[in-house]
Amino acid sequence: MRRKQWRKLEEGCFIWLMRLALLIAVVGLGSILFTITSRGWAALSWEMVSQPPSAGFYLGGGGGILHALLGSLYLATGATLLALLIAVPVVLYINTYGRGSKTAEMVRLVLNILWGMPSIVFGVFILGLLLALGLRTSLLAGTIALALVIVPILARTFDEVVRLVPHELSETTLALGTTRLELSIMLLRQTMPGLLAGLFLAFERALGDGAAVLFTAGFTSSMPSSLFQPVASLPLVIFFQLATPFPEVQARAYAAALILTAIVLTFGMLGYFFLHHVGKHVIR
Amino acid sequence: MPGIAIRKLNIWYGNTHALREINLDLPDGQITAIIGPSGCGKSTLLKSINRLLDLNEHVRITGQILIDGAAIYGKQVDVTEVRTQVGMLAQKPFPLPMSIYDNVAYGPRIHGLARGRQLAQLVTDSLKAARLWDEVGHRLKESAHKLSVGQQQRLCLARALAIQPAVLLCDESTASLDPIAARGIEELLSSLRQRYTLVMVTHDIEQARRLADYVVFMWLGEVVEHGPAAAFFQHPQHSLSQAYLAREIG
């Protein structure tokens with residue numbers, strides 16, 4: 001009887017601990033949304049997202065953050081596409097040609113380490129390269145730095161999705177006399193929803209990262225006309241506006257944060273949608 | 001139709017000696033049933049015939065298998081050619097993540113066997129051979145995963161037949177099906193014996209008795225007895241075979 005009561009108490013405690021953890025997560029997200037909305041809502045306007053900054057924008061002048069909004073989208077899109085070109089072949093290789101090999105395990109270890117590395121380290125690394133080559137900060141350098149940040153995220157996410165594919169699919173496909181390349185294409189077909197979800201996750205990460213672009217993409221008030229010109233980004237716009245002593249400019253920083261959060265949430269939901277609703281023939 | 005000759009075949013998984021000195025001649029144009037208790041090496045032997053064992057990282061194989069006189073192991077052998085010649089029906093049906101039509105057309109497409117109308121005809125013929133055409137002929141663009149398990153297994157058979165193999169391997173292909181679907185697959189396999197060399201693994205002694213022309217009985221990685229099914233079931237020679245058929249072991 002005592003043992004039975006103890007087990008019930010044990011289970012009750014863990015249920016409440018789990019509920020507490022859930023509450024902390026929900027309250028955390030809610031608090032972030034409440035803070036940026038309450039402080040930035042008043043400063044939000046159509047002008048803000050449709051115009052570049054005027055002279056004296058950071059001192060309270062007119063204009064908007066269109067340059068940073070588009071800059072961030074350019075950077076994140078470029079970095080995601082670049083990361084895709086690197087991550088997908090790596091993952092397909094370690095799951096087909098290199099399956100079960102020491103190389104595959106080593107690649108996973110390296111990707112895990114890179115995932116945990118602070119993004120500013122990638123920024124510093126690219127800055128070092130730029131200095132060595134005599135180049136300056138640019139959209140291209142920022143894109144490469146961000147791609148380095150998100151390659152491990154995309155690769156490990158995609159790798160886990162591929163590893164969840166039942167072994168029977170590989171066996172069935174190879175039993176038809178396919179090459180490993182054809183097997184890779186079959187795996188890609190099966191994991192497409194997961195890959196798309198991973199892409200959105202990586203895109204969100206690239207969109208919100210400020211440290212990697214701090215030294216590499218530079219900052220400007222205008223739109224870049226080539227890959228070799230500096231570009232503004234939303235995280236840095238938020239940082240520079242918050243650093244001013246003017247309350248109206250700080251409110252615009254919160255409004256910019258609200259825009260960034262809205263974009264991230266939208267892409268997060270799109271990722272969720274793709275994961276569950278895309279791929280008519282995918283085995284679920 | 002090719003016969004299969006197995007010569008001095010030994011297979012290890014890591015340090016485990018899974019198959020020992022297998023020497024067999026499996027007859028062409030007949031159904032060979034490999035029987036024996038769980039873990040005796042039936043599936044290992046079957047999967048060595050289309051080199052699916054190569055997928056296991058820790059496997060080591062010595063000896064040789066000859067299909068129609070041609071060795072299938074060796075550095076010069078194209079494994080995709082071997083698997084094209086030797087089709088397989090697995091224990092659990094596993095349709096590819098494609099439509100019903102594309103599941104059957106996939107093999108012929110990658111091997112360049114047919115295109116356009118010819119391909120459509122080949123798909124139709126394969127589905128008819130698997131006795132699935134009447135049920136799916138009007139909904140070929142639907143996802144293969146919408147089919148019942150029994151239909152999925154027949155689709156997998158149609159997919160295997162579409163690449164026009166000479167040998168068909170069946171690894172307990174009725175084990176995951178309900179009795180009616182299982183009987184349907186059995187009848188289907190029985191009707192294919194004239195056109196293919198069929199090798200099947202089964203746990204079910206009665207199924208082997210119903211279908212097999214030739215039987216291989218295995219025990220702990222070794223072939224204990226093999227021969228024509230009628231003789232094997234009526235007068236098993238080895239004491240282990242007798243005990244297995246009497247369900248005293250296994």
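**Strand pairing and sheet of chain B**

Trainee: Which residue stands opposite B:Thr32 in E8(B)?
Mentor: B:Val199 in E8(B) stands opposite B:Thr32. The model is predicted: local features need pLDDT of at least 70, side-chain atom pairs count only at pLDDT 80 or more, and totals for chains, interfaces and linings use all residues. Residues are numbered from 1 along each chain as its sequence is written, while chains are lettered from A and ligands numbered from 1 in the order in which they are written.

Trainee: Why do E3 and E8 of chain B count as a pair?
Mentor: Strand E3 (residues 31-35) and strand E8 (residues 197-202) of chain B share five bridges, in the parallel sense. DSSP has to find at least two, so they pair. Strands are DSSP E runs of at least two residues, helices H or I runs of at least four, both numbered from the N terminus.

Trainee: What makes E6 and E10 of chain B edge strands?
Mentor: The open sheet of chain B runs E6-E7-E8-E3-E9-E10, with mixed pairing. E6 (86-89) and E10 each have a single partner strand, so one side of each lacks a neighbour in the sheet.

Trainee: In which sense do E9 and E10 of chain B pair?
Mentor: Strands E9 (residues 214-219) and E10 (residues 222-228) of chain B pair in the antiparallel sense over six bridges. They form a hairpin with two residues between them, and B:Leu220 in the turn has a positive phi of about 50 degrees. B:Met218 stands opposite B:Val223 in E10(B).
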